[in-house]
Amino acid sequence: MKITKICCIGAGYVGGPTMAVIAQKCPDIQVTVVDLNEQRIADWNDPNPENIPIYEPGLSEIVSEARGRNLFFSTDVDKAIDEAQMIFISVNTPTKTYGKGKGMAADLKYIELCARQIARVAKQNKIVVEKSTLPVRTAEAIKSILENTGNGVQFQILSNPEFLAEGTAVTDLLNPDRILIGGDTTSEGQKAIQALVDVYANWVSKDRILTTNVWSSELSKLTANAFLAQRISSINAMSELCEKTEANVSEVARAIGMDSRIGAKFLKASVGFGGSCFQKDILNLVYIAKSYGLNEVADYWEQVIIMNDHQKRRFSNKIVQTLYNTVADKKIAFLGWAFKKDTNDTRESAAIYVADDLINEQAKISVYDPKVTRNKMISDLDYLETRNNQENSSYLETLDNAYDACKDAHAVAVLTEWDEFTTYDWKRIYDSMHKPAFVFDGRNILDAKKLEAIGFIYQGIGS
Ligand SMILES: NC(=O)C1=CN([C@@H]2O[C@H](COP(=O)(O)OP(=O)(O)OC[C@H]3O[C@@H](n4cnc5c(N)ncnc54)[C@H](O)[C@@H]3O)[C@@H](O)[C@H]2O)C=CC1
Ligand SMILES: O=C(O)[C@H]1O[C@H](OP(=O)(O)OP(=O)(O)OC[C@H]2O[C@@H](n3ccc(=O)[nH]c3=O)[C@H](O)[C@@H]2O)[C@H](O)[C@@H](O)[C@@H]1O
């Protein structure tokens, strides 16, 4: 079966970039990305491609090439479902905030709504592709909804998890380590798998396209994120031990990373991992293990999250302790608010939790981030419900450049590893600050020796 029309439900950090790349690489396929969020769709359709709602290096160029040719953004979900042969579900699957599994399980209400909408609208056979990250065996629930509430048409359900990382989404999509496609072992299932393989084969070599059964594919996505996050918690655990023993975590990471069995990537000690997925996916994995009575498995993975929470809290505690056990009314400058560089996404960013801790100690936070708006920062703090919007607004100041953010500060805290932070005139920053002037480098990106020569008291992670 040759696919000529694709629909993607969910125009977010995954749906938007993924479909833009499919459209760019497959000019014969019409790709329509739909979303309930009218503002988001309006932003994707903004005549100036620089204003698209997601910041990713290289994305605006791809959108401007394909948009209006074979890439469309729309709020007309029914029409896009009706016309497409293949429908990607790329909606959010956050941690549940209510009811059974609150704080652990994935909230599948948006997924179920999509399945019901597809069932209601579809009048011809469709291939439904799980692009969202889902608990293992979700395809079973989707199949049941589609088959019991639909118009008698045939559905094939594929799992095709996305492995892109934010900040490098475009290069990850153009040159993926692998594409994973899980489907039914029946001949209809195999045909559906082949149809999706053919789409990716337009730019990905066949040896990188892996096909499995649906359950392996669903579980592999959770497993990949758990392994990646585990490496960060492992090196962060060592960072605390390094601080007690005069070992240096960057040296330890380098030494172990040269062992080809361990590998060098994902061994950067930090203020703690953030992002929309690591925490949610591991909590989901923990919940699934518990639901099968596998308590040791659940405890094993939960420790990755416990370590990460500890790492964030440890960073804020260190700032308070170093500043003579009080930060009340002191200005602390934050460089960075995003959960990593090259993205405007702040979900679960360590900066939010560190700011919250320091505001509890009545510090004044002054933030500069090149891509995150003040509204976003305030709404991130409001979401924690520690204090009201007015109080958060009064404690958090935002500046559009780092020099102003650092002026009159007692300390600078680096929360995101934006490249530009390493290029600043740090002497100028030092001169404008209260003395002693402290730098807490939560990303180990600054040159400690250079800063100490200027006069700063520098503290990195794990040294
Ligand atoms: N953000 C990332 O880097 C990655 C995310 N994922 C997974 O991809 C999925 C989506 O994540 P993001 O794109 O980050 O989420 P997002 O929150 O940026 O986007 C999801 C979009 O779906 C829309 N939506 C929700 N229900 C809808 C419905 N019934 N009809 C139409 N639109 C609807 C929302 O309005 C929102 O714009 C999640 O399961 C996530 O775990 C997987 C790999 C990477
Ligand atoms: O499922 C997802 O959402 C995605 O989650 C992560 O991608 P992402 O969260 O976008 O970004 P990462 O590069 O993994 O960084 C996550 C967090 O870990 C931190 N990190 C990363 C690497 C490292 O060595 N140390 C470290 O502290 C980053 O600063 C960031 O806060 C995975 O890397 C993707 O493969 C996956 O598709």
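Residues are numbered from 1 along each chain as its sequence is written, while chains are lettered from A and ligands numbered from 1 in the order in which they are written. Because the model is predicted, local features need pLDDT of at least 70 and side-chain atom pairs count only at pLDDT 80 or more, though totals for chains, interfaces and linings use all residues; side-chain values use heavy atoms, with hydrogens and water left out.

Let's start with the overall layout. The chain splits into domain 1 (5-204) and domain 2 (215-463), with bounds that come from an automatic or database domain assignment. Their C-alpha centres sit 31 Å apart. Where the two domains meet, 37 residues of domain 1 and 28 residues of domain 2 take part in the contact, contact meaning heavy atoms within 4.5 Å.

Now for the ligands. Ligand 1 has 25 residues around it, and D35, R40, T93, E166 and K280 are the closest; a residue counts as near if one of its heavy atoms lies within 4 Å of the molecule. Which domains supply this shell? Both domain 1 (5-204) and domain 2 (215-463) give at least three residues each. By type, the shell has nine nonpolar, nine polar and seven charged residues. Here Ala, Val, Leu, Ile, Met, Phe, Trp, Tyr, Cys and Pro count as nonpolar, Asp, Glu, Lys and Arg as charged, and the others, Gly among them, as polar.

D35 puts a polar side-chain atom 2.6 Å from an oxygen atom of ligand 1. The side chain of T93 has an N or O atom 2.6 Å from an oxygen atom of ligand 1.

Ligand 2 has 20 residues around it, with F163, L164, S270, C277 and R443 coming nearest. Its shell, too, draws at least three residues from each of domain 1 (5-204) and domain 2 (215-463). Helix α9 (residues 214-245) gives the largest share, four residues; helices (H or I, at least four residues) and strands (E, at least two) are DSSP runs, numbered from the N terminus. The residue types here are eleven nonpolar, three polar and six charged. Polar side-chain atoms reach oxygen atoms of ligand 2 from S270 at 2.6 Å, from K340 at 2.7 Å and from R443 at 2.6 Å. Of the 700 Å² of accessible area that ligand 2 has by itself, the protein covers 90%.

Next, a couple of helix residues. T18 lies in helix α1 (residues 15-25). Is T18 buried or exposed? With a relative accessible area of 2%, T18 is buried, a label that means under 20%, with exposed over 50% and partly exposed in between (1.4 Å probe, protein chains only). A polar atom of the T18 side chain is 2.5 Å from the backbone oxygen of V14. Not counting residues up to four places away in sequence, T18 touches K131, E162, L164 and L173.

In helix α8 (residues 187-200) you'll find A192, which is buried at 3% relative accessible area. Leaving aside neighbours within four places in sequence, A192 is in contact with I127, Q156 and L158.

Most residues other than glycine have a negative phi, and most peptide bonds are trans. The bond from K435 to P436, however, is cis, with omega near -5 degrees, and P436 lies in the loop between α17 (426-431) and β13 (438-441). D329, in the loop between α12 and β9 (331-335), has a positive phi near 65 degrees and is exposed, at 63% relative accessible area. D342 also has a positive phi, about 65 degrees; this residue sits in the loop between β9 and α13 (350-360) and is partly exposed at 21%.

How values were computed: Polar contact = N/O pair within 3.5 Å; in protein donor to acceptor, adjacent residues only side chain to side chain. Areas by Shrake-Rupley, 256 points an atom, 1.4 Å probe, with all protein chains shown as cover.
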